[in-house]
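Subject: Structure for you to look at

Hello,

Here is the structure I said I would pass on. Please open it beside this email and follow along.

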Amino acid sequence: MAPIDWKNVWQFTRTYLLNKYVITVIVFVLIFLFVGDQSLIKDMQRSRQIRQTERAIQKSERAIQEANHKKIALQQMDSLEQYAREQYLMHKSNEDVYLVEE
């Protein structure tokens, strides 16, 4: 392996990497990535929050649909009595209620 010629490395760096246009582009990219309200990092955080909110909305919509189905089912008198017996342990005066835990 040949030793590194630091003089050539410095010459390359000074010529190409320390050019005012390259430095300007590097600064712009750093600002774009890390600074301000429109930065890439904050954009990723907002995207994650949007996905979480959309999942919560879908969960709420499913719960609303289930509640509407239950409401429709309870509008019939027979199922209303069954629901009251199961959920609120209601019973007729001559009945005994036994709770069975699963």
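Is Ile 41 buried, partly exposed or exposed? The model is a predicted one, and in it Ile 41 has a relative accessible area of 39%. Buried would need a value under 20% and exposed a value over 50%, so a residue in between is called partly exposed. Ile 41 is therefore partly exposed. You will find Ile 41 in helix H3, which covers residues 40-74.

Ile 41 also belongs to a nonpolar patch on the surface. Helix H2, residues 20-34, gives the most to the patch, with six residues.

From the C-alpha atom of Ile 26 to that of Lys 59 the separation is 44 Å, and the two residues are 33 apart along the chain.

Next, the helix pair. The axes of H3 and helix H4 (residues 77-88) come within 7 Å and cross at roughly 115°. Angles from 65 to 115 degrees count as roughly perpendicular, which means that H3 is roughly perpendicular to H4. On the H3 side the contact is made by Lys 70, Ala 73 and Leu 74, and on the H4 side by Ser 79, Leu 80 and Tyr 83.

How many salt bridges are there? The count comes to one. It joins the side chains of Lys 42 and Asp 37, at 3.8 Å from N to O. A salt bridge needs these atoms within 4 Å, so the pair qualifies. Lys 42 has 35% relative accessibility and so counts as partly exposed, whereas Asp 37, at 56%, is exposed.

Last, helix H1, residues 6-17, which holds Tyr 16. Tyr 16 has a relative accessibility of 52%, which is over 50%, so Tyr 16 counts as exposed. The C-alpha atoms of Tyr 16 and Pro 3 are separated by 22 Å, with the two residues 13 apart along the chain.

Regards

Note on methods: Residues are numbered from 1 along each chain as its sequence is written. This is a predicted model: local features need pLDDT of at least 70, side-chain atom pairs count only at pLDDT 80 or more; totals for chains, interfaces and linings use all residues. Side-chain values use heavy atoms; hydrogens and water are left out. Patches are made of residues with over 30% relative accessible area and no salt bridge: like charges are joined within 9 Å, nonpolar side chains (Val, Leu, Ile, Met, Phe, Trp, Tyr) within 5 Å. Accessible areas come from the Shrake-Rupley method with a 1.4 Å probe; for residues, only the protein chains shown count as cover. Helices (H or I, at least four residues) and strands (E, at least two) are DSSP runs, numbered from the N terminus. Buried means under 20% relative accessible area, exposed over 50%, partly exposed in between (1.4 Å probe, protein chains only). Axes are lines fitted to C-alpha atoms, for helices over the stretch in contact, and angles run from 0 to 180 degrees between N-to-C directions. Angles under 35 degrees count as roughly parallel, over 145 as roughly antiparallel, 65 to 115 as roughly perpendicular and the rest as oblique. Contact means heavy atoms within 4.5 Å.
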